[in-house]
Amino acid sequence: MDVRDAAGRWDALASRDSSSRHAAMELIHQEVMKRIETLGPIPDPQSSSPPAMDDGLSSDLNTFLAHVLMLSKRCPYEDVREKCICLLQKVQDVGVRIPRPMGNGPSRFIPEKEILQVSKLDERIQSIFEDAFAVLGRLDNISLVMGFHPQYLESFLKTQHYLLQMDGPLSLHCRHYIGIMAAARHQCTYLVNLHVNDFLQVGGDPKWLNGLEEAPRKLQALGELNKILAHRPWLLTKEHIERLLKAEEHSWSLAELIHVVVLLTLYHSLASFTFGCGINPDIHTDGGHTFRPPSLSGYCVCDIANGNGVLEEMFGNQQVSELSGEVEVLMEKMKQLQECHDEEEASQEEMATRFEREKTESMLVVTSEDEECVPSRDVSRHFEDPSYGYKDFYRRGEHVPTLRVQDYSWEDHGFSLVNRLYPDFGQLLDEKFQIAYNLTYHTMATHQGVDTSMLRRAIWNYIHCMFGIRYDDYDYGEINQLLDRSFKVYIKTMVRTPEKITKRMYDSFWRQFKHSEKVHVNLLLMEARMQAELLYALRAITRYMT
């Protein structure tokens, strides 16, 4: 029996009723011990000869134990965590090797001790995590890292639940398959694996997972939309939309297409967040645990691979001491810019010139990690044309056209179109955008009572500028004042080629700021990118409709 067959047992662990959880744990305990008995006699652990076990039964038990391990670390209910720890200990006591987590927590960029621990939560986080656990049957590492910002996490989970599980134009398995296609475009194995599991859980055809060519032609037809939105959304036209809506027996309806576009843009941008925060595989998935015993030194190879070594920390501390005053300099620049606002405003012509200059410059900010990333067959089978990307676009010297927000904006145009074709969802999306944009604790590093609106606006508008989106009332000269080169390199990489983000790049910007503030930046980048892609898709649909 694999984990999918045990769905009812796992689901009951998400109940807020402790007696229901207790009964479910009893059944899981019995099932595990029965599986161990089925394997036959357990060999002496000191014996050099490997145990003679049925590979299928052993693999099945290992999958089960990995899920129990995940619950022992991630379940928001203390009673379930404790019972899972006891169960794993009992399994180990009878001579069966148990799994242990790989890596150091949810992120390879952020120390585990700084990420909110499930067992040390305030009341609001506890409630949000319980809701998420009830819906998903897990607390994934993305949610744990977003837990730095509960207000945003609540909105994100609500939006995701509506998009993936509530009534809507697309079938449940198609939603997850489109999520796989979108995440694969950026080689995001974390999200691909997550949605492969969910796709199978809701009854998706396993043959589709062999490659895009095995999926129905209707889904294959989304390949071009997927690659254009991910890399060059400004090239999307009403003709692309027309081909999808008028493909005879393989046609999409307008309502379905809105659902598709929201899924694609969400998972392109969520791939950016996943890479930007260095999200590790979830404990119960491939790469999240191992059955190998820990090394004698207590220091695992994966610690080195994830950049969590002592030397790295010492080097980071040295850099911080060398950069004292970074925050104060940025605050002083914000103050000076505000004073300039009060004194004089640039002309419209000058504002337009500054936008074009910043847009052109954004194409020239290249990363120091600018090597080719060749996607593995495991991921690339889920999308077409792996060579299509941003790099050969800017190398050919093509120009990003300008989309003026006064001509097509989310608030005045996109919002109403989504709400009309996918009722109520526009409201949820708008709430998520607003929370990310307006989120503030009035702090910068150790400073309190700071108005950060100017900085947040500069980050949001810089990302939109890279997509050719212009706000007529914004002075783009502020961007160069507030965002230094290392920060721009990070932003550009995370938005355009997130698969190339490294810990060194994450560490190199805002070195005096807290990790929670860097996660906040990543939320801004994710939502600004999603809105930019969405604007171009919705504009193309609007042009088709008119």
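Modeller: Axes are lines fitted to C-alpha atoms, for helices over the stretch in contact, and angles run from 0 to 180 degrees between N-to-C directions. This is a predicted model, in which local features need pLDDT of at least 70 and side-chain atom pairs pLDDT 80 or more, while totals for chains, interfaces and linings use all residues. Residues are numbered from 1 along each chain as its sequence is written, and side-chain values use heavy atoms, leaving out hydrogens and water.

Biologist: How many helices and strands does the secondary structure of the chain come to?

Modeller: Helices (H or I, at least four residues) and strands (E, at least two) are DSSP runs, numbered from the N terminus. By that rule, the chain comes to 26 helices and six strands.

Biologist: What share of the residues in the chain is buried?

Modeller: Relative accessible area decides this: buried is under 20%, exposed over 50% and partly exposed in between (1.4 Å probe, protein chains only). Of the 546 residues in the chain, the buried share is 54%.

Biologist: How does helix 20 lie relative to helix 21: parallel, antiparallel, perpendicular or oblique?

Modeller: Helix 20 and helix 21 (residues 425–438) pack with axes 7 Å apart, at an angle of about 140 degrees. Angles under 35 degrees count as roughly parallel, over 145 as roughly antiparallel, 65 to 115 as roughly perpendicular and the rest as oblique. The arrangement of helix 20 and helix 21 is therefore oblique.

Biologist: How many nonpolar residues does the contact of helix 20 with helix 21 hold?

Modeller: On one side stand Trp-410, Glu-411, Phe-415, Val-418 and Asn-419 of helix 20, and on the other Phe-425, Gly-426, Gln-427, Leu-429, Asp-430, Phe-433 and Gln-434 of helix 21. Ala, Val, Leu, Ile, Met, Phe, Trp, Tyr, Cys and Pro count as nonpolar, Asp, Glu, Lys and Arg as charged, and the others, Gly among them, as polar. The contact has four polar and two charged residues, and its nonpolar residues number six.

Biologist: How does helix 20 lie relative to helix 26: parallel or perpendicular?

Modeller: The axes of helix 20 (residues 410–421) and helix 26 (residues 515–545) are 10 Å apart, at an angle of about 70 degrees. In this contact, residues of helix 20 including Trp-410, Leu-417 and Val-418 meet residues of helix 26, among them Leu-534, Leu-538 and Met-545. The contact divides into eight nonpolar, three polar and one charged residue. From their angle, helix 20 and helix 26 are therefore roughly perpendicular.

Biologist: Is the crossing of helix 2 and helix 4 left-handed or right-handed?

Modeller: The axes of helix 2 (residues 18–38) and helix 4 (residues 78–93) come within 11 Å and cross at roughly 15 degrees, so helix 2 is roughly parallel to helix 4. A crossing is left-handed if the near helix is turned anticlockwise from the far one by less than a right angle, and right-handed if clockwise. The crossing of helix 2 and helix 4 is right-handed.

Biologist: With which residues is Met-25 in contact, leaving aside its neighbours within four places in sequence?

Modeller: Met-25 belongs to helix 2 and is buried, at 4% relative accessibility. Its C-alpha atom and that of Ala-12, 13 residues away along the chain, are separated by 8.7 Å. Leaving aside neighbours within four places, Met-25 is in contact with Leu-13, Val-80, Lys-83 and Cys-84.

Biologist: How far apart in space are Leu-191 and Ala-271, C-alpha to C-alpha?

Modeller: Leu-191 is in helix 9 and is buried, with a relative accessible area of 1%. Leaving aside neighbours within four places in sequence, its contacts include Ile-142, Tyr-267 and Ala-271. Leu-191 and Ala-271 are 80 residues apart in sequence, and their distance in space is 7.2 Å.

Biologist: Is Glu-248 buried or exposed?

Modeller: Glu-248 lies in the loop between helix 12 (238–245) and helix 13 (254–276). Although not a glycine, Glu-248 has a positive phi of about 55 degrees. With a relative accessible area of 70%, Glu-248 is exposed.

Biologist: Is Gln-187 buried or exposed?

Modeller: Gln-187 sits in the loop between helix 8 (172–185) and helix 9 (189–201). Its phi is near 60 degrees, a positive value in a residue other than glycine. At 19% relative accessibility, Gln-187 counts as buried.

Key. Contact means heavy atoms within 4.5 Å.
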